[in-house]
Amino acid sequence: MLWAELAFAAILQSQSRRGLVYLEKARRSCPEKNAEALIGRIYSMSASLHRIAGNLHEALAASENAAEVLGSSRESSLACSAYSMLGHILATLGRFPFAIQKHAQAVALSDKSRSVVLRSQALANLAECLCRMGRVLEAANAAELAEKSVREANNPAISYAFNTILAEIKLAAGDYQGAHRVVARLDQDAKHNQAAYIVGHALY
């Protein structure tokens, strides 16, 4: 659907207001039957856009709806992304025990989908959550697993996003030289990454 694709482009450009307008149009034109995948995707993108805008409670509500719709569907790849987003938002709100549960569900679904892209994203998000909980060794182990999938995915955007998390983990572990190398690589690759919010994360 065109409106949903325009909303996805708005996510990459961090244009939350425009993206939400597109999603409302997508929602209104959504079929009434057999549209669980599309409805779930709309909720997921709504969660992403609200997160970018800093509207965390709206993002939480949308991501919970996405997980509910997609969790009972056969769309394991979309469900994986939905649970991963829900875990990220819960962690941002400081609800770490619940966040870890959702990230674990995302990892399990990524295994089911057999997608190295989804597995790399799910494991990286799990590693980030563990790091922010202070469970640095577990975070490093999860990042090591994620790194293998990131290499297999061979996707510059995924690699960039993963390296922002890896730099944070290395800093938390006291590996300042390793963190410096990762940050230098991020700085070099920033011009090739189109997702403004990810570049902002790296710069931070």
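Here are the labels, one at a time.

Analyst: This is a predicted model, so local features need pLDDT of at least 70, side-chain atom pairs count only at pLDDT 80 or more, and totals for chains, interfaces and linings use all residues. Residues are numbered from 1 along each chain as its sequence is written, and side-chain values use heavy atoms, with hydrogens and water left out.

User: Why are α1 and α2 called roughly antiparallel?

Analyst: Helix α1 (residues 2-12) and helix α2 (residues 16-28) pack at about 160°, with axes 8 Å apart. Angles over 145 degrees count as roughly antiparallel, under 35 as roughly parallel, 65 to 115 as roughly perpendicular, and the rest as oblique. Therefore α1 and α2 are roughly antiparallel.

User: Which residues of α1 and α2 meet?

Analyst: W3, A4, L6, A7 and A10 in α1 meet G19, Y22, L23, K25 and A26 in α2. Contact means heavy atoms within 4.5 Å.

User: What makes W3 and Y22 a stacked pair?

Analyst: Ring centres must lie within 6.5 Å; planes under 30 degrees apart count as stacked, over 60 as edge-to-face, the rest as tilted. For W3 and Y22, the centres are 5.9 Å apart and the planes 25°. That makes the pair stacked. W3 lies in α1 and Y22 in α2, so the pair ties together parts 19 residues apart in sequence.

User: Why does S63 count as buried, but W3 as partly exposed?

Analyst: Buried means under 20% relative accessible area, exposed over 50%, partly exposed in between (1.4 Å probe, protein chains only). S63 has 2%, so S63 is buried. W3 has 30%, so W3 is partly exposed.

Key: Axes are lines fitted to C-alpha atoms, for helices over the stretch in contact, and angles run from 0 to 180 degrees between N-to-C directions. Helices (H or I, at least four residues) and strands (E, at least two) are DSSP runs, numbered from the N terminus. Rings of Phe, Tyr and Trp (its six-membered ring) pair if their centres lie within 6.5 Å; planes under 30 degrees apart count as stacked, over 60 as edge-to-face and the rest as tilted.
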